[in-house]
Amino acid sequence: MAHLRGKTPAVFRQMASDWPAVSTWTFRHIASLAPSLPVQLVKGNREKDHTAFTESTLGEYLDSLTGDCLAGDSLTRESPDGDDRTYLKEFDLLKRFPGLRDDLRHERMFPRGSVTSCSTWIGPARSRTGLHHDLLDNLAVQITGRKRFYLARPGTVERAGALSAKYDAWARLSRVGIAELAAAADPATSDDFFAVDLEPGDVLYVPARWWHEVVNLSAGILLSGFFGSTMRVTSLWARVRLRDTLHRTGLLSPGNCTCHADRRGDPHQ
């Protein structure tokens, strides 16, 4: 996949359609692996709004998704930013259930010599991940369900003065959503914004620093594979650890982060 050396997003239709996971990773199947496993769920759009969590079990949560109806594509049917839908984000499914690795073929997609980190995003229709950019390149593989990615070029949020002070270890956040950002943009920059829908088996390459907001069009499972060269990941890791130390000692964005529940009501001040 030579395109992964570039800096432009790309969608690879049905590249993962032959993976066993695409046909076998039903909510019921995964729930059956450890129904009583405690899980922490994110409530609402923590990237843009306040950070809140709730507790459940893997079985109870995935059972609640089994009957989730397919959502339409109309923007009016997507959940508002303040919606309290729960979302199992950045869940290390492969660490919990190593046997599931046999259902994937993801290692062959990454450039040779890459350092990789994979996690899953499992949630209901109209659940949302707010506008942000990641520090590493990402291969997003839609396993089940349908998902919409809104993308904006690097620098778009910065030029709008919309960077958030909210702390996230491996990402930078926007204090506005993609719709608000696009509406306020100069019409001459309309080609700075893109949207792509993913079906099961589709793979989306999102280079580092490309802004994106993600909405579930139906209940589903997405596998994120972040990757980079050993030198790049090592350099970033050192910076991330320094920022994380400052954050956890109260010197950087205290109480205003995606990792702890926000008790102040205004996460951006």
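Trainee: Which residue in S13 is the bridge partner of Thr116?

Mentor: Phe227. This is a predicted model, where local features need pLDDT of at least 70, side-chain atom pairs count only at pLDDT 80 or more, and totals for chains, interfaces and linings use all residues. Residues are numbered from 1 along each chain as its sequence is written, and side-chain values use heavy atoms, without hydrogens and water.

Trainee: Why are S5 and S13 called paired?

Mentor: Two strands pair if DSSP finds at least two bridges between them. Strand S5 (residues 115-123) and strand S13 (residues 220-228) have 9, in the antiparallel sense. So they pair.

Trainee: What makes H3 a helix, and where does H3 pack?

Mentor: A helix is a DSSP run of H or I with at least four residues; a strand is a run of E with at least two, and both are numbered from the N terminus. H3 spans residues 58-66. H3 packs on the sheet and touches S2, S3, S4 and S5. Its direction makes about 95° with that of S3; axes are lines fitted to C-alpha atoms, for helices over the stretch in contact, with angles from 0 to 180 degrees between N-to-C directions.

Trainee: What is the strand order of the 8-stranded sheet, and why are S1 and S3 called edges?

Mentor: The order is S1-S11-S7-S13-S5-S4-S2-S3, open and antiparallel. S1 (10-12) and S3 each have a single partner strand, so one side of each lacks a neighbour in the sheet. The twist averages 25° from one strand to the next.

Trainee: Which strands stand at the edges of the other sheet?

Mentor: That open sheet of 5 strands runs S9-S6-S12-S8-S10, with antiparallel pairing. S9 (171-173) and S10 (193-198) stand at its edges, since each has a single partner strand. Neighbouring strands are turned by 30° on average, direction ignored. S10 pairs with S8 (residues 147-152) over 6 antiparallel bridges. Leu151 has Phe194 in S10 as its bridge partner.

Trainee: How many residues line the largest pocket, and how do they divide?

Mentor: There are 46, with Arg46, Glu90, Ser119, Asp168 and Trp170 nearest its centre. They divide into 25 nonpolar, 10 polar and 11 charged. Asp, Glu, Lys and Arg count as charged; Ala, Val, Leu, Ile, Met, Phe, Trp, Tyr, Cys and Pro as nonpolar; the others, Gly among them, as polar.

Trainee: What is the mean pLDDT of the chain?

Mentor: It is 91, on the predictor's confidence scale from 0 to 100. Of the residues, 90% reach 70 or more. Over residues 69-76 the pLDDT is below 50. Where pLDDT is low, the predicted coordinates should not be read in detail.

Key: Contact means heavy atoms within 4.5 Å. On a 1 Å grid over the protein atoms alone, a cavity is a set of points where a 1.4 Å probe fits but cannot get out, and a pocket is an open set with protein on both sides within 12 Å along at least five of seven lines; lining residues have an atom within 4 Å of a point.
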